[in-house]
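Keep the model in view while reading.

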Amino acid sequence: MKKAVILDVSAMMYRTHFALMGMRNSKGLATGATYGFVNMLEGVLKELNPDFLVACLDIKRSELKRSEELETYKAHRESMPEDLVAQQEYIMGILDGYRIPKYKINGYEADDVISTLSVKFSEDREEEIEVYIVTGDKDLSQLVNEKINIALLGKGDKNSMFRYIRTDEDVVDYIGVTPNKIPDLFGLMGDSSDGIPGVSGIGPKTGVQLINQYGDLESLYEHIDEIKGKKKEKLLEERDNAFLSRKLATVHIDRNVRQAQAAVYDAMAGEPSVFLFYGSTGSANWYAGHNPSDAVMPHPINHALVAED
């Protein structure tokens, strides 16, 4: 079976930025996120050895269609740190240098692009393809099935970069419910990082218990009289919030990514076309083992394949 790896670029950039945020070159330019991104990308290639490799990008919060349904969706998140903004174009250039196609969809976030491409790969009719999603986002665990796996960033051990989520049992161990019940769980407990309200007073522990007992929101509300006290009161008062939150937490798997397969399937042809870090002598610092803090960034190439919904 062939292997496709899908990169959650935002998750990778933020993780490497905060891990190496003090790294700068001799000109004072922040280089940590870029250097860390290359290391992480090389680790992905080494550990997962993909046949196909794609990168998925986010769009501006103001352009998200989910914001039309909930004005506060992701609105409270802090802006991208300036040092990371300054490196973003170089990270895009690195993806170009490795000939990794980049995808984003107007109106939708990277999770939806990742989900759509994951399904396209896993349901390919010409060959069997197993999918690995490199991310730090627990929401994407709702995609896990016999062909779609999650490679969680920052959760690995001495033997691996990642914690792998491969089965329903893995998802239950990680989140508390099976993949198909994750949107219902977020409908109750919400997600403060995304501004998804859920039902006030319902946290992960209670949410897991209720969803495992009743299966989904519809069944829970059909049996609402079995729930007592303040919990029942809040569930009734915030019923609309629960269903809206579930909708917001559900990833889209059917967005229109035009020309995806042709570009994706050529992604790993050939070797990287550029060296990534150059020192003052013109040598490749990263490959030669020189001090990465003296790195000078390559000229970025900014383009992305954009799909209209």
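Which helices and strands each supply at least two residues of the lining of the largest pocket? They are α1 (9-19), α4 (82-97), β3 (102-105), α5 (110-122) and α7. Helices (H or I, at least four residues) and strands (E, at least two) are DSSP runs, numbered from the N terminus. The model is predicted: local features need pLDDT of at least 70, side-chain atom pairs count only at pLDDT 80 or more, and totals for chains, interfaces and linings use all residues. Residues are numbered from 1 along each chain as its sequence is written, and side-chain values use heavy atoms, with hydrogens and water left out.

Salt bridges come last; each is a side-chain nitrogen of Lys or Arg within 4 Å of a carboxyl oxygen of Asp or Glu. The whole structure has 11 of them. One joins E127 and K2, at 3.5 Å from N to O. Because E127 sits in the loop between α5 and β4 (129-135) and K2 in strand β1 (residues 2-8), this pair ties together parts 125 residues apart in sequence. Another links D96 and K102, at 2.7 Å from N to O. K102 is buried (under 20% relative accessible area, with exposed over 50% and partly exposed in between; 1.4 Å probe, protein chains only), at 2%.
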